[in-house]
Amino acid sequence: MALTQPAPGEPTAERAAPLRGGLATTSCMETLQVGYLHAVAAAAGCSLAQPFPDNGIDWHLSHSSRAHAVDDEVTIKVQLKCTYQVAPHPAGPTFGFTLENEHLVKLARSPASVHKILVVMLVPRTQDEWLAAGHDRLELRHCCYWTNLAGVAVTGKRKTTVRIPTARIFDDRALCQIMARVGAGGRP
C-alpha cells in the first residue's frame, strides 16, 4: 500500500475543515453561549433554570449560602447575547452593544425584586475558531462580559446602544461576587 502526500496548497486531513451541520450560525452561537453559561454556573456552584415560556429573560441562576443576609438562596435573571460583530479583545474600557428598546426596558427596570444582568459573548466570525480542545482543557473562544443595565435609559427610536465594560469578564469568580453582593441586599 502506497501513501500519497497532498499536493502543495491542498489541505491535509488535519487541516481540513470538518463537515459541520446545517444549523444556522446564530443558532450555533446561542448554543455556544448556553454552554459557556453552564460551565460558569457549575464552577460557581449555582443552579440554573430556564423559564418557560421565555418572556425576554433566558435563564435564572440561583446561589445558596448561609452567608447570604437576605435569604439562604438568591437568584438573578440572565439575558444572553452573542455576537461576532465586535472583535474579540475589544480595546478600551467598554464596547457598544445594540439592544431592541423593548428588551432594554425589561433589563433596565429599577427597582426590581430579582436583579437582571446582560451577558454578551464575543466570538470569532468562523465556527472553526470557537473552541479548542487538548488533553488538559477545553477552551471556548473568546469571552463573555456582563453588565447590570438597571436604570439605563432608552435613547434610540427602535434600538439603543449600551456600553459593556471590558473589565467585567463573566466567569465563576465574577458570578460568585455578583451573588455575594445580591445576597448582602445589594445590586449585582
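Student: Which helix and strands each supply at least two residues of the lining of the largest pocket?

Tutor: Keep in mind that this is a predicted model. The space in the largest pocket is about 660 Å³. Its lining has 23 residues, and the closest to the pocket centre are Gln 33, Leu 80, Lys 81, Cys 82 and Phe 97. The elements that each supply at least two lining residues are helix H1 (25-44), strand E3 (73-83) and strand E4 (94-100).

Student: How does the lining of the largest pocket divide by class?

Tutor: Sort the lining into charged, polar and nonpolar residues. Six are charged and eight are polar. The nonpolar residues number nine.

Student: Which element gives the largest share of the lining of the second largest pocket?

Tutor: This pocket has a volume of about 190 Å³. Its lining consists of Arg 20, Leu 23, Cys 28, Thr 31, Leu 32, Gln 127, Asp 128, Trp 130 and Leu 131. By class, that is five nonpolar, two polar and two charged residues. The largest share, three residues, comes from H1.

Student: At what angle do H1 and H3 pack, and which residues of H3 make the contact?

Tutor: H3 spans residues 172-183, and its axis lies 8 Å from that of H1. The angle is about 65°, and the crossing is right-handed. From H1, the contact uses Val 40, Ala 41, Ala 43 and Ala 44; from H3, it uses Asp 172, Leu 175 and Cys 176.

Methods. Residues numbered from 1 in each chain as written. Predicted model: local features only at pLDDT ≥ 70, side-chain atom pairs only at ≥ 80, totals over all residues. Heavy atoms only, no water. 1 Å grid on protein atoms, 1.4 Å probe; cavity = no way out; pocket = protein on both sides within 12 Å on 5 of 7 lines; lining within 4 Å. Points joined across faces, edges and corners; volume = space filled by probe spheres on them. Helix = DSSP H or I, 4+ residues; strand = E, 2+ residues; numbered from the N terminus. Nonpolar A, V, L, I, M, F, W, Y, C, P; charged D, E, K, R; others polar. Axes fitted to C-alpha atoms, helices over the stretch in contact; angles between N-to-C directions. Left-handed = near helix turned anticlockwise from the far one by under 90°. Contact = heavy atoms within 4.5 Å.
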